[in-house]
Amino acid sequence: MQLETERLILRPWETSDAEALFEIARDPEVGPRAGWKPHQNLAESYRVIGDKLIAPENYAVTLKDTGELIGSCGYQFPGQSNLPLQKDEAELGIWLGAKYWGNEYGYEASQAVIHHGFSDLGLTRIYVVSFTNNDRSEKLQLKQGFRYRCTRENHYCPQLDEYRPVNVRVLVNPELEI
């Protein structure tokens, strides 16, 4: 499935995305903010695409005009997330290459995925998790309407193999709110 916005196309990941992924994922400003280590080589990017990114409801975010890969946006469902999710809930994750920050691409991509989650997937709640010092992520979450749920002081980040404090926020399907 593919999602389209005014400026973006969100499409399934492909192994042919590895070189473009490596170019943005090797930046030390990107991965650690999202919970993973910077990619060290092209082989690692191929492995990450095959092991993690090619997954249901996980999208490569690309610029509509050029097809350039700029990041990733998608869901983790019960059993994939570190959160105790119910069957009609998911965790939303998004990251963009640093040179694409500040252009509202994150908002545009996540808005499309949120709408798809509520309208097409029947989700009742969407959760987001971000490190307590990630101001960019928090700003995006608040703009989307996510509400603070809790702070987890010792949240395990498997890709970093460490525990870090995170804020958990939730967005309830607006059709369920009274």
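Trainee: Where is the place of P78?

Mentor: P78 sits in the loop between β4 (69-76) and β5 (89-96). Keep in mind that this is a predicted model.

Trainee: OK, and is P78 buried, exposed or partly exposed?

Mentor: P78 has a relative accessibility of 35%, so P78 counts as partly exposed, since that class runs between 20% and 50%.

Trainee: Which residues is P78 in contact with, leaving aside its neighbours within four places in sequence?

Mentor: L85, Q86, K87 and E89.

Trainee: In what sense do β1 and β2 pair, then?

Mentor: Antiparallel, over two bridges. Along there, E4 stands opposite I9 in β2.

Trainee: What about the largest nonpolar core: which residues touch the most other members?

Mentor: L10 and L92, out of 36 residues in that core. Elements giving two or more residues to this core include β2 (8-12), α3 (42-53) and α4 (105-119). The most comes from α4, with five residues.

Trainee: What is L92 in contact with, apart from its neighbours within four places in sequence?

Mentor: Quite a list, including C73, Y75, V113, I126, V128 and F146. Apart from this core lies another one, of nine residues, among them Y127, F131, L160 and V170.

Trainee: You mentioned α3. Which of its residues are buried?

Mentor: The buried ones are E44, S45, V48, I49 and L53. They cover an arc of only 140° around the axis, so they end up on the same side of α3. On the other side of α3, A43 and D51 are exposed.

Trainee: What covers the buried residues of α3?

Mentor: The cover includes α1, β3 and β4.

Trainee: Last one: which residue caps the N-terminal end of α3?

Mentor: That's N41, with a side-chain oxygen 3.2 Å from the backbone nitrogen of A43.

Notes:
Residues are numbered from 1 along each chain as its sequence is written. This is a predicted model: local features need pLDDT of at least 70, side-chain atom pairs count only at pLDDT 80 or more; totals for chains, interfaces and linings use all residues. Side-chain values use heavy atoms; hydrogens and water are left out. Helices (H or I, at least four residues) and strands (E, at least two) are DSSP runs, numbered from the N terminus. Buried means under 20% relative accessible area, exposed over 50%, partly exposed in between (1.4 Å probe, protein chains only). Contact means heavy atoms within 4.5 Å. A nonpolar core is a set of buried Ala, Val, Leu, Ile, Met, Phe, Trp, Tyr and Cys residues joined through side-chain atoms within 4.5 Å. The arc is that of the directions from the helix axis to the C-beta atoms. A polar contact is a pair of N or O atoms within 3.5 Å; within protein, one must be able to donate a hydrogen and the other to accept it, and residues adjacent in sequence count only if both atoms are side-chain atoms. Two strands pair if DSSP finds at least two bridges between them.
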